Amino acid sequence: MAALMNENAIAGKPARVRLAGSDLLGVAIVIAAAIAGYFLFPNNLALLTRIISIALLVLSLDLVTGYCGVATLGHAALYGAGAYAAGMAAVHFGITDPLAMMAVGILAGTAAGLLSGVIVLRAHGLPQLVLSIAIVHLFHEAANKASSWTGGSDGLASIAPDPLLGLFEFDLWSRTAYVFGVVLLLVVLIVLRLVVRSPFGMLCRGIKEDPIRIRAMGASVHGTIMRMYAISGAVAGVGGALNAISTQVVGLDSLSFTLSAEALVMLVLGGTGSLYGALIGTVSFLWFEDIVSAANPFHWLTIVGALLILVVLFAPRGLYGTASAFLERRQEARR
Amino acid sequence: MQTVLSIAVDALAYGMVLFVISIGLSVTMGLMRVVNLAHGAFAMIGGYIASYAARDLGVGYGVAVLIAVFGTILIAIPIERLLYRRIYGAPELTQVLMTIGITFCIIGIANFVFGPTLKTIPLPPELQGSINLGFRAVATHRLFAILCGLVVAGALWYLIEKTAFGVKLRASVDNAAMAAALGVRTQIVYAVSFAIAIGLAAFGGVVGAELLPVEPYYALRYMVTFLVVVSIGGAGSIPGALLACLLLGGIDTTGRYLMPEFGEFFFYLAVIAIVCVFPRGLAGRAK
Amino acid sequence: MTSILEVCNLKKAFGGLAVTNNVSLSLNPGDRVALIGPNGAGKTTFVNLVTGNLRPDSGMVRLGGETITGLNPMRRVRKGLVRSFQVTRLFQDMTPAEHVALAILQRDGRSTQMLGHFSHMPDVTAETGELLSKLGLHDFASSKVSRIAYGQQRLLEIAIALALRPKVLLLDEPAAGVPQSDTGRIEQALAELPADLAVLMIEHDMDLVFRFARRVIVLAAGEIIFDGSPAEVTKDARVREAYLGSYAYVSSVA
């Protein structure tokens, strides 16, 4: 018995160290992939920046769906709010410093996140889903009709951000935008890594599994998810603002139901409830989209649908979830 | 006054079309607890088949309706066998993903086969004109849609309340395990209900084609509308669904009449307000 | 001694049927009370009224002299009224250490902290280790809950409840579903509960009731029909009638 306890105490330590180590490894892999992307696809940096921007949306969705268990089909509302706010700040208020635009985007995303949270958490199950869809449609209609502010269906154009830090122009090849995006992604990733490992993150995972148990511990389910919605909104806001700054236009598609649904597809493809899953899902989905829609744009929606059905049937834990479960099992078998 | 009556007739017609399409969704959701986002896609398939039958094969309206209903059911059977069966009792997110996947596939295929344009279903001469109701001439087709809604509501009420199948259906909705223990073959009840639900969706898609035009994005455009009916009316409740449809029809039509620019905006705002006030639906037992 | 939990004239009816009818009882610190009653006696409803999951039609619940009738379950937990569940409600993907640490952090108002990991908080890990050792769960502290035996999961339920440092603990059939071979460990855990804690246990297993309780309350048809010592409960005519129905008369006649 004592021997067993000792062994466990020893086994406990390295597990913890390994966790921190895998965090560093993950960040290192993201950096390496970013550098590789820069040199391998110098003509496609705009696409890579778009991938980063969408990855931030998917990470943001992962926070509420993957970590808190709230199914939503309206998460693009948060992303679009960030994009339009950053864009309108530049076009209508002359706030053209990219960092200031980013701050505006984060604020707007947070506000949209809190608003969505208040509404979505009013109901459960199907009505909750309906609320989330209605929210993104409502945002879309509002942006469509307030065309003097948003450019309506033509999109909000002529956003002209200043050079980053006064030094780096946003060039035609998207080099600055790409580097800016990579840095933002890394910062968000590290912050979120801390958040999901913190007591708060543990509380959220608990809520996802059993909200009744969490209430019986005396914790507020509603309050906790609202906090997560605020963080999620901020992250989506970063993604939206990055999109506005890098493409210099904001279109109604950034507030669409389709984008919300696609973000969910990407998340599930990669695997819910893990930050790397969200990243892997986004990269594989958008890379795949780029290839397929170049070959045959007509079939894109059919293929997304088929992909979704296949993932649900054969890899319900997503690419990352399936792979890590496989590795875990092999490690255990070896022991 | 005239405007009010006009709105009322249009709202009633729109509400009844919504009812015919959504009631099947409501029943299956109450019965099988599946969040089926692809329901509207089956209404769309019905519309496409009817349009093809009437315009390309040249059959009459009534025959086209029949071909559409049975054709859609035929298409739905393998989908139910291969895909829906796997998600009964699965977590909500899984159901959402699977049925969105099905919706996307159907949209993509419809787009490929029929092209992105709007499809019409030619009306027979009897339904084309208008009938003078004293205060206003009303398109015969609208009255036909209202009539269809009433007939469907009545027939369903009879089926569920007065027939042996209805008893089995209600027992299965209440407690599937208990019903099965009492000898109800729930698998068959499920299959028949699913077929009826899909058939009604296709019927509604055809009859309502003048109000909800058939095009590839139909399934996405009206997805929220059909789901709202169920979440406001309460899954499995016919009176609830009827009430929800009339309410939504009224809100949507009034919005379009009085504020054509902002119609959809107010529609979604009203949806959010209603669901927030009645998170369990008007009937109060939606899960 | 002043009572820690006081329930006064609690009433709850569902559609005209009184499920809890004028129930009053009080618990003192250190009490070990078993609440028993035949199926349908209203035990679950009563527990839900006390924990705040149901609103009473009338009556009052007081904790440490403070009226808590209007508080939601969450606030009652924070004031020290903690319950365990009849069927374990645990997080399958988390370890026992994480469960207990989360409860400790929640108790201290630190569960919404967004930085740091509990394993780097020496006070939390120390208390977690101590609690888990006390309940014999130390060896499984870092295994996922889905991998440990049901008896150990029941013990973890108790550990979580204790981590919240309750004043009153409602135990809902703590040994339910546990194989006979493992009930000993659970009984030991019950015997070692803090001496000043007031415990109200709902239980069907009469052996466990007689070993654990120093006072027994019998609920039948929504009313308290007996409140006294375990020794007297089997002799009480009303209790016999409630459990055995008319057979009680038959046997007394015969």
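## Chain A–chain B interface and annotated spans of chain B

The UniProt annotation "transmembrane region", from an unreviewed entry, covers residues 6–27, 34–54, 60–84, 96–118, 138–160, 188–212, 224–250 and 262–282 of chain B; positions follow the numbering used here, feature names are shortened, and annotations may be inferred rather than shown by experiment. This is a predicted model, in which local features need pLDDT of at least 70, side-chain atom pairs count only at pLDDT 80 or more, and totals for chains, interfaces and linings use all residues. Residues are numbered from 1 along each chain as its sequence is written, and chains are lettered from A in the order in which they are written.

Two of the annotated spans are described below, with helices (H or I, at least four residues) and strands (E, at least two) taken as DSSP runs numbered from the N terminus.

The contact (heavy atoms within 4.5 Å) draws on 37 residues from chain A and 42 residues from chain B. About 3700 Å² is buried between the two chains, with carbon and sulfur atoms giving 84%; buried area is the accessible area (1.4 Å probe) that two parts lose on being put together, summed over both. On the side of chain A that touches chain B, the elements giving two or more residues are helix 5 (126–145), helix 11 (257–270) and helix 13 (300–314) of chain A. Helix 5 of chain A supplies the largest share, 13 residues.

Terms used
Side-chain values use heavy atoms; hydrogens and water are left out.
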